[in-house]
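Trainee: I would like to take a close look at one part of a protein and then see how that part sits within the whole. Could you guide me through it slowly?

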Amino acid sequence: MEISLTRADMTVQKDRLYFDSYSDNSESIRGKVVLDVGAGTGVLSIFCAQAGAKKVYAVEACSIAEQAQITVKHNNMEDRIEVIRGTVETVDLPETVDVIVSEWMGYALLHESMLNSVLYARDKWLKPGGIILPSKAELYITPVIDPVVEDRLHFWYTVKDQYGVDMSCMSGFARKCIMNSDITVSSVTCEDVLSHPARFAELDLHSVTPEELRSVKGQFRCESFGSSAVNAFCVYFTVTFPCPDSTAPLVLSTSPCKPETHWKQAVLYLDAPVEVVQDTPITGEVRMYPSEENARHICIHKTPSKISCLSIYLS
């Protein structure tokens with residue numbers, strides 16, 4: 001049996017800030033017609049109805065749409081939420097909408113994301129002057145030290161003292177296995193961050209085009225806090241929800257220095273650690289683009305000036 005839960009459905013507690021954003025945007029939603037792209041079990045659609053939406057179209061391509069219909073009925077919202085089975089690219093809505101909501105973000109923002117579907121919905125169904133929640137995304141990079149990896153690599157040098165077998169020759173092979181060309185999704189602690197982050201890209205969901213998503217890139221510059229060994233880079237993102245009834249927008253951050261979310265962080269390992277001292281500049285460019293094998297997968301090409309070029313495939 002085909003079952004597919006969206007990230008929004010599986011992480012209500014962990015990413016409470018994301019769901020709180022709909023409460024904070026009640027003025028943007030109240031009395032409006034809303035389109036939920038990739039609705040899953042319909043949790044965001046229900047939040048929008050609770051915030052006062054006049055009508056919500058919950059579009060979901062997978063069979064979980066059947067459960068969404070049950071959930072909507074269980075919450076006595078059949079009069080305001082219509083679950084539509086299909087992709088947003090193929091369904092036919094009875095009207096244009098005032099607001100688009102979607103939990104489209106993937107790991108490193110764009111891996112397995114539904115952003116292209118959101119942009120399609122924007123261009124076809126959103127009224128002029130309509131609202132997209134979230135409305136903006138930003139990408140950041142910072143050098144880090146992963147002490148767990150270094151401990152795992154150092155293990156091979158301790159085998160001889162403990163067991164009488166010299167396994168130090170395994171260290172290079174182990175490094176290739178651990179610090180390979182694949183990006184890793186894991187939790188980075190704030191203590192492991194070695195500089196202030198650098199923003200290298202910003203996406204305005206009201207204006208960004210699918211063509212621009214084929215190469216999301218930007219320059220970065222970081223300066224190290226102190227003496228350490230850089231063995232990886234951390235990529236994370238923020239998304240912004242405009243709050244018309246507040247002076248400040250609501251920002252959901254996946255920074256390692258913020259409370260953990262289910263997106264965690266994307267870690268790009270170097271071939272070998274690089275020693276830095278305080279204020280060492282680390283500059284370069286990051287480019288993200290769709291994989292030729294799967295358009296929903298992304299490749300990341302990172303070129304720091306002080307560290308050898310590294311191509312990363314996210315799978």
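What relative accessibility does V185 have, and how does V185 count by that value?

Mentor: Before I answer, please keep in mind that this is a predicted model, in which local features need pLDDT of at least 70 and side-chain atom pairs count only at pLDDT 80 or more, while totals for chains, interfaces and linings use all residues. Residues are numbered from 1 along each chain as its sequence is written, and side-chain values use heavy atoms, with hydrogens and water left out.

V185 has a relative accessibility of 33%, so V185 counts as partly exposed; that class lies between buried, under 20% relative accessible area, and exposed, over 50%, as judged with a 1.4 Å probe and protein chains only. The residue belongs to strand β7, where a strand is a DSSP run of E with at least two residues and a helix is a run of H or I with at least four, both numbered from the N terminus. If we set aside the neighbours within four places in sequence, V185 is in contact with Y107, W263, K264 and Q265, contact being heavy atoms within 4.5 Å. The C-alpha atom of V185 is separated by 9.6 Å from that of C234, although the two residues are 49 apart along the chain.

Let us now move on to the loop between β7 (184–186) and β8, where C190 lies. C190 forms a disulfide with C257, the sulfur atoms being 2.2 Å apart, and a disulfide here is a pair of cysteine sulfur atoms within 2.5 Å. Because C257 lies in the loop between β11 (250–253) and β12 (265–276), the pair ties together parts that are 67 residues apart in sequence. The torsion about the S-S bond of C190 and C257 is about 85°, so this disulfide is right-handed. C190 is partly exposed at 36% relative accessibility, and C257 is partly exposed as well, at 42%. A search of the whole structure finds one disulfide; among the other cysteines, C48 counts as buried at 0%, and C243 counts as buried at 10%.

The strands β4 and β5 pair in the parallel sense over four bridges, pairing being called when DSSP finds at least two bridges between two strands, and I100 has I132 in β5 as its bridge partner. Together, β4, α6 and β5 make a right-handed β-α-β unit, meaning that, with the strands pointing away from the viewer, the path from the first strand over the helix to the second runs clockwise.

Of the contacts between residues at least 6 apart in sequence, 74% join residues at least 24 apart.
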